[in-house]
Amino acid sequence: MEQPNQSYIKSLSAGNIEFEKKLIAVIKSEFPVEKETYLENLAAKKYIETAENVHKLKHKISILGLEKSYGVAAQYENDLREENTALKGNFETILQTITDYLITL
Amino acid sequence: MNCIIIDDETTARVIINQLCSQIESLNVLAEFSNAMEAIKYLNQNEVDLIFLDIHMPDFTGFDFIQTLKNPPKIILTTSDSKFAIEAFEYDCIVDYLVKPILLPRFEKAIIKAENTSAKATVNASDEVETISGNDLYINIDRRLIKIDIPSIYLIEAKGDYINVKTEDKNYTVHSTLKKIEDKLPDSIFLKIHRSYIINVQKIIDIEDNSVLIKKDVVPVSRSNRPELMKRLNLL
């Protein structure tokens, strides 16, 4: 399983540590809310809304350098629009990996 | 250039702001988490450039553009490349950035915005119209799928999406009812409710405030009913 990293954040910051701290803080506050909304919508079988949640989470996945996971999320987002949840397990593993990583920051 | 950022995701706004801070010619005037706030701001302030997210709840980036009378230059920001073709239908869109946005690509977009005149973008829009011809092309998963317009019998709005139902297949497309309505011939299609457009040639029967079309029962709003009745060859 690929691991999150800060390569993109570092490339954006151009050495601006304050910016890096600010962006990480925003991700740490936004990600759990988006994850929770995703889980709620999925439990309620609101597939279009769930796909929208995955779409939003997809951006965080890419910011954290998870390229393969991004592909899984993109496919899952499309599948959800057809009420196909086959990639649920893979996607939620990615979410857990990010959750664990954010705790370390 | 004075610019504003519209994106419902704070993370995205922070990133775009950071990218703007690295370009001397850009001055970020304000940030908005939803399109409605931005519309209010634009009614009272002039801006040269908007960074606009397509995917926003309730009101998409494309919906937002349609509300603007004289839109400034717009750079779309999105996590999907699948809306690129649609973007060319708008004269004001000068570039399309796929997230995560890197500085070199961002710089390129700004140069484009600085060099683009309104006339050049009008030409791009015309090209798409010519390609479309009498068929309707819809963008699904980065593929442009051709639909024979008369085969469409019902279009239903569902949030940020529309369901296009044809004789053979149904398609879910990220678009608005207004956009597809503009592309369809008035002689065959009619909006009978704020969420439904029907092909009047496919009606099976009409009962009170609903229409049976294929196996779908579709509501008819009171305000749209007179126009529907006018279209019928009543005995």
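Hello everyone, and thanks for coming. The model scores ipTM 0.93 and pTM 0.65. For chain B the mean pLDDT is 83, and 88% of its residues reach 70 or more. There is one stretch to watch: over residues 118–132 of chain B, pLDDT stays under 50, and the model has 15 contacts beyond four places in sequence for that stretch. Where pLDDT is low, the predicted coordinates should not be read in detail.

Now to chain A. Which elements does chain A contain, helices or strands? There are 5 helices and 0 strands, and read along the sequence the pattern is α-α-α-α-α. Of the 105 residues in chain A, 30% are buried. If you take the contacts in chain A with a separation of 6 or more, 50% of them come from residues 24 or more positions apart.

Please find α2(A), residues 17–43. Its 27 residues should span 39 Å at 1.5 Å a residue, and its end C-alpha atoms are 39 Å apart, so expectation and model agree. Which residues of α2(A) are buried? They are Leu23(A), Ile27(A), Phe31(A), Tyr38(A) and Leu42(A). A reminder that helps when you look at that list: an α-helix has 3.6 residues a turn, so residues three or four places apart point the same way. The buried residues of α2(A) pack against α1, α3 and α5 of chain A, together with α1 of chain B. Just after α2(A) comes Lys45(A), which takes a positive phi of about 60°.

One more stop in chain A is Leu66(A), in the loop between α3 and α4. Why does Leu66(A) count as buried? Because it has 23 C-beta neighbours inside 10 Å, where the cut-off for buried is 20 or more. Not counting residues up to four places away in sequence, Leu66(A) touches Glu2(A), Pro4(A), Ile61(A) and Ile94(A). Ile98(A) is 32 residues from Leu66(A) in sequence, and the two are 9.5 Å apart in space, C-alpha to C-alpha.

Let's move to where the chains meet. The contact takes 20 residues from chain A and 18 residues from chain B. On the chain A side, α1, α2 and α3 each supply at least two residues. The most comes from α3(A), with 8 residues. By type, the chain A side divides into 9 nonpolar, 5 polar and 6 charged residues.

Now for chain B and its sheets. One is an open sheet of 5 strands with parallel pairing, in the order β2-β1-β3-β4-β5. β2 and β5 stand at the edges with a single partner strand each, so one side of each is left without a neighbour in the sheet. The twist averages 20° from one strand to the next. β1(B), residues 2–6, pairs with β2(B) over 5 bridges in the parallel sense, and Ile5(B) stands opposite Glu31(B). Lying across β3, β4 and β5 of chain B is helix α5(B), residues 103–115, which runs at about 175° to β5(B).

Another open sheet of 5 strands in chain B has antiparallel pairing and the order β10-β9-β8-β12-β11. Here β10 and β11 are the edge strands, each with a single partner, so one side of each has no neighbour in the sheet. Between β8(B) and β12(B) there are 3 bridges, and Leu154(B) stands opposite Ile198(B).

Last, let me walk you along β14(B), residues 210–213. In a regular strand the side chains alternate between the two faces of the sheet. β13(B) and β14(B) form a hairpin with 2 residues between them, where Asp208(B) in the turn has a positive phi of about 45°. β14(B) and β15(B) form a hairpin too, again with 2 residues between the strands, and there Lys214(B) has a positive phi of about 55°.

That's my tour, and I'm happy to go back to any part of it.

Methods
Residues numbered from 1 in each chain as written. Chains lettered and ligands numbered in written order. Predicted model: local features only at pLDDT ≥ 70, side-chain atom pairs only at ≥ 80, totals over all residues. Contact = placed C-beta atoms within 7 Å. Helix = DSSP H or I, 4+ residues; strand = E, 2+ residues; numbered from the N terminus. Nonpolar A, V, L, I, M, F, W, Y, C, P; charged D, E, K, R; others polar. Buried ≥ 20, exposed ≤ 12 C-beta atoms within 10 Å, placed from the backbone. Pairing = 2+ DSSP bridges. Expected span 1.5 Å × (residues − 1). pLDDT = per-residue confidence, 0-100. Axes fitted to C-alpha atoms, helices over the stretch in contact; angles between N-to-C directions.
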